[in-house]
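This report describes selected features of one protein model. The sequence and structure are shown first, and the description follows.

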Amino acid sequence: MDLSIMEKVVVQGDLSSLKPEERLIYYTKVCESVGLNPLTKPFDYLQLDGKLVLYAKRDATDQLRKIHKISITITSRERIGDVYCVTARGTTQDGRADESIGAVSLMKEEKIWDEMRRCKVPTGNILPLTADELANAIMKAETKAKRRVTLSLSGLGMMDESEIETIEGAERIEVGELAQTNNQVPKKLSSDSTASSSDPKTTESKGKKNNSGGKPSNSNPKNSGEVYKMLDMATGTSPGGVTFAKLKVVNVGTGEESIVLANTAETLDQVNAISNNMQFKLDFEMSNGFKIVKSIQLVGEAA
């Protein structure tokens with residue numbers, strides 16, 4: 001294993017640089033160090049702040065509580081404003097003790113379905129929880145408190161799965177997605193590193209291979225050097241009040257057609273300046289499965 005990569009894993013806690021077999025070794029070693037059975041999948045992967053890290057699942061905390069013989073007592077339950085808090089005290093047989101708080105919000109943000117984004121978007125209104133949601137929130141607060149004190153007494157400074165949904169930008173990653181990411185990285189590095197020295201025809205051929213199936217938008221979301229031509233355009237407003245333009249474009253170099261969305265005032269102005277006989281460079285990024293326009297630069301008229 002590359003020592004520079006291992007340093008990144010140990011010091012920064014980022015597992016994204018590891019190969020699948022290296023991640024398996026690391027996963028197994030972490031389980032062995034705390035006495036967990038890796039076959040029960042006590043940990044899972046989480047994308048957080050640009051890093052790939054492990055988080056503890058229920059299987060982990062249940063096993064740790066049994067291994068370390070941790071007894072837990074709920075010391076308090078209280079409502080503070082719109083937050084419900086539960087305090088759990090954990091004690092081991094050797095006399096060590098610790099306390100942790102599990103807190104949940106008793107309010108929720110109203111969301112409605114947005115057809116353009118194919119997901120629910122917030123309206124800005126804050127509503128109280130329904131009776132069923134309130135019951136689940138109270139139970140979740142107790143679960144959080146118990147799991148957090150268990151991890152603390154077991155010496156594991158990692159996140160519990162009950163905390164993930166409250167952290168902005170945290171995303172669970174499946175093992176299959178990790179394998180796909182690893183397969184894409186070498187191709188991207190190879191293309192970038194040889195672009196300046198390889199034969200132009202070879203470079204063009206590689207570009208077409210990378211563009212099959214729309215995959216380059218995931219590995220290289222900007223594509224600012226590629227030239228496009230507009231085939232069709234429609235405008236509308238989403239239920240969340242977002243004005244957008246839906247463009248059908250074709251890559252002049254590869255002939256690949258795709259759909260992109262413009263949803264900011266700046267990009268909408270740029271779209272309005274385009275006519276069907278114009279070519280332009282398109283800079284976009286992937287968001288919720290859609291190609292969202294970041295900028296458009298006109299380069300001339302099509303022949």
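## Basis of the description

Two strands are taken to pair if DSSP finds at least two bridges between them. Helices and strands are DSSP runs, numbered from the N terminus. The model is a predicted one.

## The three-stranded sheet

An open sheet is built from 3 strands in the order S3-S4-S5, with antiparallel pairing. The edge positions belong to strand S3 (71–80) and strand S5 (97–105); each has a single partner strand, so one side of each is left without a neighbour in the sheet. From one strand to the next, the twist averages 20°.

Strand S4 (residues 83–91) is joined to S5 by 9 bridges, and the two run antiparallel. Within this pairing, Val86 has Gly102 in S5 as its bridge partner. The pairing of S3 with S4 is likewise antiparallel and extends over 9 bridges; here Ile72 has Gly90 in S4 as its bridge partner. S3 and S4 form a hairpin with 2 residues between them, and Gly81 in the turn has a positive phi of about 65°.

## Helix H4 and Lys144

Helix H4 (residues 131–153) lies across S3, S4 and S5 and runs at about 150° to S5. Lys144 has its place in this helix. With a relative accessibility of 6%, Lys144 counts as buried, because the cut-off for that class is under 20%.

Apart from its neighbours within four places in sequence, Lys144 is in contact with Gly102, Ala103, Val104, Ser162, Glu163 and Thr166. Gly102 is also the bridge partner of Val86.

## The aromatic cluster

The structure holds 2 aromatic pairs. In one, the ring centres of Tyr27 and Phe43 are 6.0 Å apart and the planes stand at 75°, so the pair is edge-to-face. Tyr27 lies in helix H2 (residues 20–34) and Phe43 in strand S1 (residues 43–48); the pair therefore ties together parts that are 16 residues apart in sequence. Tyr27 counts as buried at 9% relative accessibility, and Phe43 counts as buried at 0%.

Tyr27 also forms a tilted aromatic pair with Tyr45, at 6.4 Å centre to centre and with 50° between the planes. Since Tyr27 lies in helix H2 and Tyr45 in strand S1, this pair ties together parts that are 18 residues apart in sequence. Tyr45 counts as buried, at 8% relative accessibility. Tyr27, Phe43 and Tyr45 form one aromatic cluster.

Terms used. Residues are numbered from 1 along each chain as its sequence is written. This is a predicted model: local features need pLDDT of at least 70, side-chain atom pairs count only at pLDDT 80 or more; totals for chains, interfaces and linings use all residues. Side-chain values use heavy atoms; hydrogens and water are left out. Helices (H or I, at least four residues) and strands (E, at least two) are DSSP runs, numbered from the N terminus. Axes are lines fitted to C-alpha atoms, for helices over the stretch in contact, and angles run from 0 to 180 degrees between N-to-C directions. Contact means heavy atoms within 4.5 Å. Buried means under 20% relative accessible area, exposed over 50%, partly exposed in between (1.4 Å probe, protein chains only). Rings of Phe, Tyr and Trp (its six-membered ring) pair if their centres lie within 6.5 Å; planes under 30 degrees apart count as stacked, over 60 as edge-to-face and the rest as tilted.
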